[in-house]
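Have the sequence and the model at hand.

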Amino acid sequence: MITNYINRIPFGDGKWLFEQDPVFADAAKKQVMRIKKKWRPPEHFYHLAKGGHVSAISHQLDYSWFCKVDLKRFFQQITRNRVTRHLRSIGYPKLDAIDFAKDSTVLYGDIGPRHFALPYGFTQSPILASLVLDGTPLGKEMYDLVAQDFEVGVYVDDILIAHKDKGQIELAWERAIEAATRSNLVVNEKKSSPPATSCEAFNINYEAGLMQITADRMAEFSEEVLMCGKGATATAILEYVRSVNEDQARELKASFPGIYGP
């Protein structure tokens, strides 16, 4: 049987990273370009825009109340039928949608019912998952929140919401959870964060006017700099830290004068 991947690697929490067959990857790149001509992602989908998760958080800092909705095993919830349906919604002919959905999904069955869904590691998975999410009740709810002066930031399976009023953010939290249920998307309660004056996402703690990389993540960066020494990796780490918090970047640089210089 022909498969669209050549290997899969476990990377924790029951997830698998799939190494896409190069032939399917090349074909997928053309389909991604085709999708981009037919569908424009909303501005609050930061994983499909410059700046990524750092930009998603930085746009929250003008507010004082925050919450985060984490979608559990997001790609595994984006089934072959969903992909087919949403491709057709942007103008794909039926057979084209069926074929691309088939090429874009893998069989899951290690945990729960066997089904075909998007894998982590495929070229097209992020944009297909985003297309599906955008067309769900949860996607429509996010548009409504943006229109009502909430700050919304999506990065793959994390949805960040901010507002200046406690009552409004509590209402937004309830609306988002309810919309996820209507969308048949399971929320990861352990990784989600109910309304508060601070929040954590992507190993970054943030509150009004401030974001800082967590202590654990900074320790990991220090170990990596020490192990790799002077070079591109150390430079990239320093630049990333600087994009989040200038004070933390200065501290990191001072900790390794032999690598970063005075």
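## The pocket and its surroundings

The lining of the largest pocket divides into seven nonpolar, three polar and eleven charged residues. Here Ala, Val, Leu, Ile, Met, Phe, Trp, Tyr, Cys and Pro count as nonpolar, Asp, Glu, Lys and Arg as charged, and the others, Gly among them, as polar. This is a predicted model: local features need pLDDT of at least 70, side-chain atom pairs count only at pLDDT 80 or more, and totals for chains, interfaces and linings use all residues. Residues are numbered from 1 along each chain as its sequence is written, and side-chain values use heavy atoms, with hydrogens and water left out.

The pocket is lined by 21 residues. Asp70, Asp158, Lys191, Phe202 and Asn203 lie nearest its centre. Its volume is about 420 Å³. A pocket is an open set of points on a 1 Å grid over the protein atoms alone, where a 1.4 Å probe fits, with protein on both sides within 12 Å along at least five of seven lines; lining residues have an atom within 4 Å of a point. The volume is the space filled by probe spheres set on the points, which are joined across faces, edges and corners. β3 (65-70), β9 (198-201) and α9 each supply at least two lining residues. Helices (H or I, at least four residues) and strands (E, at least two) are DSSP runs, numbered from the N terminus.

Serine 222 sits in helix α9, residues 215-228. Its relative accessible area is 24%, so serine 222 is partly exposed. The classes are buried (under 20% relative accessible area), exposed (over 50%) and partly exposed (in between), with a 1.4 Å probe and protein chains only. Beyond residues up to four places away in sequence, serine 222 touches Leu252 and Phe256. Contact means heavy atoms within 4.5 Å. Phenylalanine 116 is 106 residues from serine 222 in sequence and 40 Å from it in space, C-alpha to C-alpha.

Serine 104 belongs to helix α5, residues 94-104. It counts as buried because its relative accessibility is 0%. A polar atom of its side chain lies 2.6 Å from the backbone oxygen of phenylalanine 100. Leaving aside neighbours within four places in sequence, the contacts of serine 104 include Asn4, Phe122 and Leu128.

## Positive phi

Most residues other than glycine have a negative phi. Which residues depart from this here? The table lists two non-glycine cases.

| Residue | Phi |
|---|---|
| Valine 156 | near 60 degrees |
| Asparagine 184 | near 55 degrees |

Valine 156 lies in the loop between β6 (151-155) and β7 (158-163). At 24% relative accessibility, valine 156 is partly exposed. Asparagine 184 is in the loop between α8 (166-182) and β8 (193-196). At 60%, asparagine 184 is exposed.

The hairpin of β6 and β7 has two residues between the strands. These strands pair in the antiparallel sense over five bridges; pairing requires at least two DSSP bridges. Valine 154 has isoleucine 159 of β7 as its bridge partner. Four of the five residues of β6 are buried, so β6 is largely enclosed by the rest of the structure.

## Helix α4

Helix α4 spans residues 80-89, and its buried residues are Arg82, Val83, Thr84, His86 and Leu87. They pack against α1 (22-38), α3 (74-77), α5 and α6 (125-134). Glycine 91 follows α4, with a positive phi near 110 degrees.

Terms used
A polar contact is a pair of N or O atoms within 3.5 Å; within protein, one must be able to donate a hydrogen and the other to accept it, and residues adjacent in sequence count only if both atoms are side-chain atoms.
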